[in-house]
Amino acid sequence: MSEAATSAVTVSPEGNIIGTISRRFREELTNVLAAGAINISIDMHLVQMIDSTGIGAIVGVQKVLSERGGGLVLTGVSDDIQMMVKIMHLDKHLTIR
Amino acid sequence: MDTPPDQSLNPSPPSAGDTMLLTLSKVYACAMCGILKDVAGIDAVPDMSSAHLGMFESPYTVTVFSPFFGRVSGHFILSLGPSSVATLCRLGKDAMVQPLSRAVRGSVSDVLKEILNVSAGRSLYEFESALGGLSSLPPTTVFGHVDLPDVHTVSIVLSGADEPFICALSLNRASLRIAVDLECAQSKLRSVHESQNQLLRRAVDYPAARFSACYHPLHEAGGDFYDVVDLGAGKYGYFVADMAGHDISAGFLMASVRALVRQNCTPEFTPMESLIAINRVLRGLLREFEYMTACFAVLDRDALMLTVFSLSHPPVLLLPRTGEPWFVDADGSLLGAYDNIEVEPARIKVAQGDRFVLYTDGLVESTAQRVWVSSKNSLLQHGPELLAADLAAVPDILYGKYFGTQSPPTDDVVVLCVEV
């Protein structure tokens, strides 16, 4: 396994992940997965709102990465979103830093 | 000279395209009357009984591309008899031909076209403005002559003072087909909307459950859902769910969810067994980016006990008859995302007359633009009003607190209120 594949690819949304942006967010993550990523880090410090499509993208990516032996890390997560992630029990499947 | 179109009746029954074309033509025929009045002072009225469908050609054409009907581009054609041409040219000499003559070096018909270019453009724009609601549209563009592509045309006689004028509207066949296909697709989506509404339990059909609900999908079919089930022995189950996404495909999945709820939420199974069974089926049904959140509230009306199972769903709003409103905290996994689910239900003693509200995140997130974890708190202030209102009116009252014509929702919304 190459170092590039094991090192985390960082995705940085530039604002709230809602509506058409959440679909683009999902596409971007899908492209990163298609490129063979094993670990992905999502920098959430500009995100105050994420809709169900955005959450779905995170869940879907996490499952694929888990199957590849890697993982998903969320950084810069707002208090609200962090609480929502915990209520959804997603903190058991991904890492929040 | 002018050759009016063939007036013979179209023998075949009108198609959907013909019907649309006739409808558009009524509007354009009225516009044409306005132009005639403007240009020549001729009072004319459209005679739709003489509408003639078919191909149309005219040596004197004014074609108007108007944004009247959005995606449908229309061509507006006027065919005039010889005396009308003479009248218009006479008027034109006095009023307009002279200043335009430097650009018009042709036959009478060229002069006429130039006159109509100016007058038709101005009149049509005024007509659109006068109709109301159209003034914000961009100005209509008028061309004196274009080579007509493959067009489908309806011609209408405008009965004037001295002779009939032929007014015709033609649509490019491709544009017309798109418009008809669009209407057909919209019709099918309306059917989907009606079908989905029929899936939802109506309060009047289930009075013992003492609930009321409203459902507002963002599109013709939505990803939100609710159902009410009789669990026997005085127990009722109230189920509200939200499929990730709010597009039509999420709406189609709701039919499956309804079947799952009706099949699994029965007296034979505990609520936990029901939810595990639903998760197992959804796990095989949903794609990797899809999941469902849900709230399953079981009310034992004999024991006055409410048990809430929340599957990553916004919390139930409890409205005690005495005391302040509060949220029932319960948490649990997403449905359909993982093989196993963990749920920690909340059990609450309730009293006769208490109410509780289940809802989807679209209710509180749309206007606040914050996730429901914090935006839900805005619900608390409405507690007293929701308790005092007639049960049947509560969902609409609550929906109205957040949305109106000036602030439409950006997600599907379900509100379900239950009275103990």
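Two strands count as paired if DSSP finds at least two bridges between them. The model discussed here is a predicted one.

Q: Why are β8 and β16 of chain B said to stand at the edges of their sheet?
A: The open sheet has five strands in the order β8-β9-β10-β11-β16 of chain B, with antiparallel pairing. Strands β8 (224-232) and β16 (346-349) of chain B each have a single partner strand, so one side of each is left without a neighbour in the sheet. From one strand to the next, the twist averages 15°.

Q: What makes β11(B) a mostly covered strand?
A: A residue is called buried under 20% relative accessible area, and six of the seven residues of β11(B) are buried, so the strand is described as mostly covered. For chain B as a whole, buried residues make up 54% of its 420 residues.

Q: Why is Q369(B) called partly exposed rather than buried or exposed?
A: Its relative accessible area is 31%; buried would need a value under 20% and exposed a value over 50%, so Q369(B) falls in between. This residue is placed in the loop between α7 (362-368) and α8 (372-375) of chain B. Not counting residues up to four places away in sequence, Q369(B) touches I18(A) and M49(A). The C-alpha atoms of Q369(B) and T410(B), which are 41 residues apart along the chain, are separated by 9.9 Å.

Q: How do you know that the buried residues of α10(B) line one face of the helix?
A: In helix α10 of chain B, residues 394-402, the buried residues are V394(B), P395(B), L398(B), Y399(B) and Y402(B). Seen down the axis of α10(B), they fall within an arc of 130°, so they line one face.

Q: Which residues touch the most other members of the largest nonpolar core?
A: Among the 60 residues of this core, that description applies to I40(A), I42(A), M44(A), I50(A), L72(A), L363(B) and L379(B). Helix α3 (residues 52-67) of chain A gives the most to the core, with seven residues. Apart from it lies another core, of 54 residues, among them L231(B), A241(B), V257(B) and L311(B).

Q: Which residues is L363(B) in contact with, leaving aside its neighbours within four places in sequence?
A: The partners of L363(B) are L379(B), L398(B), Y399(B), Y402(B), F403(B), V413(B) and V415(B).

Conventions: Residues numbered from 1 in each chain as written. Chains lettered and ligands numbered in written order. Predicted model: local features only at pLDDT ≥ 70, side-chain atom pairs only at ≥ 80, totals over all residues. Heavy atoms only, no water. Helix = DSSP H or I, 4+ residues; strand = E, 2+ residues; numbered from the N terminus. Axes fitted to C-alpha atoms, helices over the stretch in contact; angles between N-to-C directions. Buried < 20%, exposed > 50% of the residue type's maximum accessible area, 1.4 Å probe, protein only. Arc of directions from axis to C-beta. Core = buried A, V, L, I, M, F, W, Y, C linked by side-chain atoms within 4.5 Å. Contact = heavy atoms within 4.5 Å.
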